[in-house]
Amino acid sequence: MMIFEPQRYKIVDKIGEPFIDEEEILDFLTIQPTAQQVDQVISRAKDKHRLTLRQTAILLNAPNREPIMRAAKELKQAVYGNRIVLFAPLYVGNMCANSCEYCSFRTENRVTVRKTLAPDEITQQVDALTAQGHKRLILVYGEHPLYSAEFIARNVRQVYENKNIRRVNINAAPMTTDDFRTIHQAKIGTFQVFQESYFQDTYRTHHPRGRKADYPWRLTALDRAMEAGIDDVGLGALFGLQQDWRREVMGLIRHTNHLESCFGVGPHTISFPRITPAAGVVPANQYPVTDDDFLFLVAVLRLAVPYTGLILTARESQAVRHQAIAYGVSQIDAGTHIEIGGYSAARDTENEGGAQFTINDSRSLSQVISSLVESDFLPSFCTACYRKGRTGEHFMEFSTRGFIKRFCTPNAILTFAEYLEDYATAQDRQNGYALIEREVAALQETKDLVDKLSRIKKGERDLYF
């Protein structure tokens with residue numbers, strides 16, 4: 001039985017129809033809560049209930065943030081344990097017909113070198129990523145007629161030809177239901193569409209032209225994806241486009257409720273990148289979110305959506321990412337290059353397509369893993385739920401009951417052991433297996449896990465529960 005119960009708001013949730021009532025969100029944000037009210041909401045969140053807009057606003061406006069930060073750490077540990085999922089973004093093409101003010105892909109930008117990977121170049125990039133140890137990728141595209149559903153589906157099938165890749169997610173433009181169905185048939189994992197801003201004045205300011213200027217079309221994109229059978233979808237908002245960042249947190253929670261109301265399942269992941277500089281563009285009306293506010297919004301999101309994966313990318317610095325993991329982040333990228341063609345073993349920067357924005361954590365996958373292990377976080381490349389059909393509502397049935405920690409930790413251990421055997425240095429292997437021993441000791445039923453670990457050390461691969 002699902003723990004979350006969708007709420008009814010002023011705009012009734014209907015498939016394919018806009019659902020954001022800005023005045024309703026602003027009214028909630030006028031709440032001045034007492035310490036007792038904050039404690040009541042924290043208690044509900046720690047029981048793994050998804051929070052309402054009102055409850056989320058109570059946390060956002062809390063007079064004292066410390067209890068919220070502490071509770072988020074506790075909830076993260078209770079639900080996810082020490083596991084951190086690792087992935088890499090692979091930018092396939094930066095052609096774009098939109099005019100997003102903050103993005104170097106915008107069609108008017110003459111600084112960006114335009115490039116789309118050819119099939120042999122995709123193979124080269126994927127081979128370079130798997131040589132580092134990656135098993136989970138997200139393919140990223142600009143919005144351009146060239147990047148059709150058929151084009152993306154061909155890319156996905158090609159990437160899966162490398163048997164080391166076990167899950168391919170997509171970050172691309174909104175599509176029709178039929179187009180989403182074409183991509184779904186290629187066996188993708190999650191499809192991400194970031195709304196960027198849930199408030200229309202802000203949205204219009206930063207998206208003046210192109211298909212992306214159509215706010216309702218983008219807002220309802222994931223409805224069409226879910227109608228097409230893609231039951232793992234990812235939400236996102238870009239923080240720094242408007243002065244009051246709390247509004248976007250509320251927009252993400254309202255979007256979560258909409259999906260629950262219409263489809264019986266919320267988003268698989270939520271992303272919350274902060275705007276960073278991009279070559280050739282100087283967006284107006286930037287409102288930087290401080291590190292303290294950013295970590296606080298991560299904590300609030302963790303409490304508001306206990307069962308949903310929170311993704312933090314290499315836009316953020318190593319120091320911020322380290323702190324954010326403790327407060328609620330469950331997935332990060334590593335060894336990231338966002339130039340088109342940036343993973344080549346012998347990189348030719350003159351033939352690379354320009355990057356979409358600036359990243360602030362340029363560490364290699366092995367460096368990120370070493371840092372995680374030093375902090376007792378368990379690196380994971382697990383894809384078992386996706387491959388066993390535990391997606392969408394089935395995944396939520398596990399995660400809302402708090403089974404992620406109990407069910408996913410053994411699979412995380414097995415995928416990390418594969419990495420240690422195939423890619424790690426001697427020192428990293430020693431440190432990694434010491435962490436695995438501690439994780440195994442903390443589990444209750446370990447006989448099958450220990451057996452599978454032994455088989456991995458003898459050369460077997462792709463073992464999971």
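Arg-136 lies in strand β2, which spans residues 136–141. In this predicted model, Arg-136 is buried and yet has no salt bridge, although salt bridges elsewhere in the structure come to a count of 28. The points below begin with the surroundings of Arg-136 and then turn to charged pairs and to one network of salt bridges.

**Arg-136 and its surroundings**

- The side chain of Arg-136 does, however, reach the backbone oxygen of Cys-382, at 2.4 Å.
- Leaving aside residues up to four places away in sequence, Arg-136 touches Val-85, Leu-86, Phe-87 and Ala-88, together with Arg-167, Gln-331, Phe-381, Cys-382 and Thr-383.

- Side chains of opposite charge can pair when their charged atoms come close.
- Asp-293 and Arg-65 form a salt bridge through their side chains, with an N to O distance of 2.9 Å. Asp-293 belongs to helix α12 (residues 291–304), whereas Arg-65 sits in the loop between α3 (53–60) and α4 (66–80), so this pair ties together parts that are 228 residues apart in sequence.
- Arg-274 is found in the loop between β6 (269–271) and α12, and Glu-316 in the loop between β7 (309–312) and α13 (318–327), so the pair connects parts that are 42 residues apart in sequence. Both Arg-274 and Glu-316 are buried.
- A further salt bridge, at 2.8 Å from N to O, is made by the side chains of Asp-333 and Arg-321. This pair links distant parts of the chain, with Asp-333 in strand β8 (residues 331–333) and Arg-321 in helix α13, 12 residues apart. Asp-333 and Arg-321 are each buried.

**A network of salt bridges**

- Lys-135, Arg-166, Glu-418 and Asp-462 are joined to one another in a network of salt bridges.

Methods
Residues are numbered from 1 along each chain as its sequence is written. This is a predicted model: local features need pLDDT of at least 70, side-chain atom pairs count only at pLDDT 80 or more; totals for chains, interfaces and linings use all residues. Side-chain values use heavy atoms; hydrogens and water are left out. A salt bridge is a side-chain nitrogen of Lys or Arg within 4 Å of a carboxyl oxygen of Asp or Glu. Helices (H or I, at least four residues) and strands (E, at least two) are DSSP runs, numbered from the N terminus. Buried means under 20% relative accessible area, exposed over 50%, partly exposed in between (1.4 Å probe, protein chains only). Lys and Arg count as positive and Asp and Glu as negative; His and the chain ends are not counted. A polar contact is a pair of N or O atoms within 3.5 Å; within protein, one must be able to donate a hydrogen and the other to accept it, and residues adjacent in sequence count only if both atoms are side-chain atoms. Contact means heavy atoms within 4.5 Å.
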